[in-house]
Amino acid sequence: MAATFVALLALTTALIVAFRNSTNIADHFARTEEQRLVERFMERTEKQILEADKLQVVWDDAVTMLNSPKAEVWARNFLAGYFWGSHRIDRIFHVRFDGSLVRCWHGVKLSQDCRYRPLSRTISGLIRQSLKDQTQRGQVRDWRKHGSVNWPYDSKGLPIGLGQSSIASVEGQPAIVAVASVVPDVTPSLLQAEPDYIVLVRFIDERIISDLHESLVLDDVRFETSATDDKNRNSLAIRDLHGDRIGWISWLSKPPGPAILRQTAPLLAVYILFFVGVVAGGAIIVRRMRRTTSELIASEAQAQHNALHDAMSGLPNRAHFMQRLRQELNACVERRELGDVFVAYVDIDRFKIVNDTLGHHVGDELVRQVALRLRRSLPPGDFLSRFGGDEFVLMRRTTGGRAAADMLGKQIMALTREPFVISSNNLEVSLSCGISWGPEQSEDPGELLRRADIALYRAKQRGRARYRRFTRDMDASVKLRREMEVELRRAIVRDELTLAYQPIVHAGSGAIEGFEALLRWPHPERGSIRPGLFVPVAEQAGMMVPLGSWVLRRVFTESRQWPDCDISVNLSPLQIMSSDFLQAMDELVRETGADPRRFILEVTEGVMLDRSDHVLDVLKGLNYRGFRIALDDFGIGYSSLSYLRSFQFDRIKIDRSFVQNIEGDLDAHSILKAIVSLGHTLRMKVVAEGVETPMQRALVQAAGCQMIQGHLFWEALPVDEAKALVRPAKVRGLSKVRVG
């Protein structure tokens, strides 16, 4: 009996030691995996900032303008304003190749207090390292001497943009520092000496920490300057370019060991105290250990699932989709299975506006509801994945070529016939889709996905809310868009855009009340380019703020030559959401000598959806300065009496879609009368646009509209011809400027 007791005691001790060791290994594995995920998140954040820096400064105009007399104005619009507005960059430095400072910005403001010296060693090191990093050079055709450095050139004879990033301590805070060379993208001869560099500094602040928490689902994430002694916390050391430690990112660890111990410790204690029941106790221990092993296996399977699936929607991610696409294409090619592999690239139209106006929580819920509707509506055999943001990619195995592609596109378009209900808002969003299929169009998974992406771009270019099949001529259209983006930047800088004016008349007498000015681009080689083509390019390229500033400056300047009448200017949501918009308006008024009391600033319904303190503060600030506010395109968006009551608008303008159907649609006429009645009740003037027939004029006049416009009276005229129509007795007040 004693021998049995000793044997059981030894066996129990060995089991306890082995089990404790297993839980320690599991805890160590979990902590290591958490550290790896945090490290990858920081690397990805660094890469995003560096890529944004390189994308904006590889540009002919950047090379010429940064060292010109107009450098400060240009940099405010195209560097400081862009990086602060789009990426919340805290510090921007313009430096020479040798690391010497030229100028700096804090946010969007040019600053004299640069505090550059403590950072100069890090920036010089990053510049040197960018020349040594072979991973970003691509295919180098030759090297050319520029001053003291040999610079790489690509196969097109253009200098290659180089850059590097690291984490450093800036002004006592941890920050991501990225440097990128300023080189031309079209005219290589502009690079005469060593290139300048643009340095971006983004502090690792609460916003980045919050993004890390939301992305990795870690609790109590914070940055600490000293190592923590708390065993419940895990941490990752943050080092700068020279390997010096500048702090730690720490968070509450989630080790699996304590949970396992809590489940099994009572059984082990019972086994030790009542070892007489050898068989019964042994059976319980074996059974419990098997369960623990199953849980560990399930945990590993869950980890593998998480690595291949999107956390928010539960759909497969890009890596999983590419694995599956490669398998299906190989099956078609190698085993010669019947059918094609169709790839549909889908995204939500104007998703950024939903995020900016209603908030990211509504945007996230919209993504989840779109994913759910896609899964429920499409056949079970379709493979649906989410690539991030508002992008979804679907794969289908079927036959039929173009006919099958059309069927797939129509099924996807039908998914948004019913609105999405989120936070008491009915969101009538649409989808755009691009479709390609292999192996007919390509046997390479990456190329097949690229072609679907190109077709998606063509669908958006044609007006959104539609699908397009990939055709070979689409590659050329992508090149055209890139060329148009570069040319539009130049047109804004060189003041090559113009405004044309369309009269607005009194509904009863037909007398001219004012004018609506429309933006035009008379391209010297391509001829007149419609706003429907170049405005989407400006939106996608982040040029709407400088384009809107150009319109405001031109209208303020030209208004000095017009008789004393009111002028209305359309503002984009991006202008209003900009943190320095009121300051920019003050500068434009001082620069042009314009009188704010003459101007009516028009906003669309979308910008009012946010109802944030910032939007209301901006509108009230404009009102305080003397500007009046009008609500444009009323009735086609997310109309709500609550935001009509939240701000007293001067007038509303009814969208042309209500006028175009008014002759044959009694419901349209009833809706028009209701909108006009609402405007009169709230003491707002009502303007109807798009009047093209005498019948339409009579109907909108009968509905109560005070002012109307359309081709029935006048088309848009050059500024001199429009000004010649104005007579002091007829001028009462409305001239509208809009981008479009």
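This is a predicted model: local features need pLDDT of at least 70, side-chain atom pairs count only at pLDDT 80 or more; totals for chains, interfaces and linings use all residues.
A search of the whole structure identifies 13 aromatic pairs. One of these joins F93 and Y116, whose rings are tilted, with 5.5 Å between their centres and 50° between their planes. F93 belongs to strand β1 (residues 91-95), whereas Y116 is in the loop between β3 (109-111) and α4 (117-132); the pair therefore ties together parts that are 23 residues apart in sequence. Both F93 and Y116 are buried.

A tilted pair is also formed by F97 and Y197, with a centre-to-centre distance of 6.4 Å and an angle of 45° between the planes. Here F97 is located in the loop between β1 and β2 (101-106) and Y197 in strand β8 (residues 197-203), so that parts 100 residues apart in sequence are tied together by the pair. The relative accessibility of F97 is 18%, and this residue therefore counts as buried, the limit being under 20%. Y197 likewise counts as buried, because its relative accessibility is 0%. Elsewhere, F321, Y345, F383 and F387 are linked into a cluster by ring pairs.

Aromatic rings also face charged side chains. R88 is positioned over the face of W84, at 4.8 Å from the ring centre. In the case of W59, the charged end of R489 sits over the ring, 4.6 Å from its centre.

Within α22, the buried residues are A668, H669, L672, I675, V676 and G679. Because these residues cover an arc of only 125° around the axis, they are placed on the same side of α22. Exposed residues are found on the other side of the helix, namely L666, D667 and T681. The packing partners of the buried residues of α22 comprise both strands and helices: the strands are β24 (628-634), β25 (651-654) and β26 (685-688), and the helices are α21 (656-660) and α23 (694-703). Just after α22, a positive phi of about 60° is adopted by R683.

Notes:
Residues are numbered from 1 along each chain as its sequence is written. Side-chain values use heavy atoms; hydrogens and water are left out. Rings of Phe, Tyr and Trp (its six-membered ring) pair if their centres lie within 6.5 Å; planes under 30 degrees apart count as stacked, over 60 as edge-to-face and the rest as tilted. Helices (H or I, at least four residues) and strands (E, at least two) are DSSP runs, numbered from the N terminus. Buried means under 20% relative accessible area, exposed over 50%, partly exposed in between (1.4 Å probe, protein chains only). A charge sits over a ring if NZ of Lys or CZ of Arg is within 6 Å of the ring centre and within 35 degrees of the ring normal. The arc is that of the directions from the helix axis to the C-beta atoms. Contact means heavy atoms within 4.5 Å.
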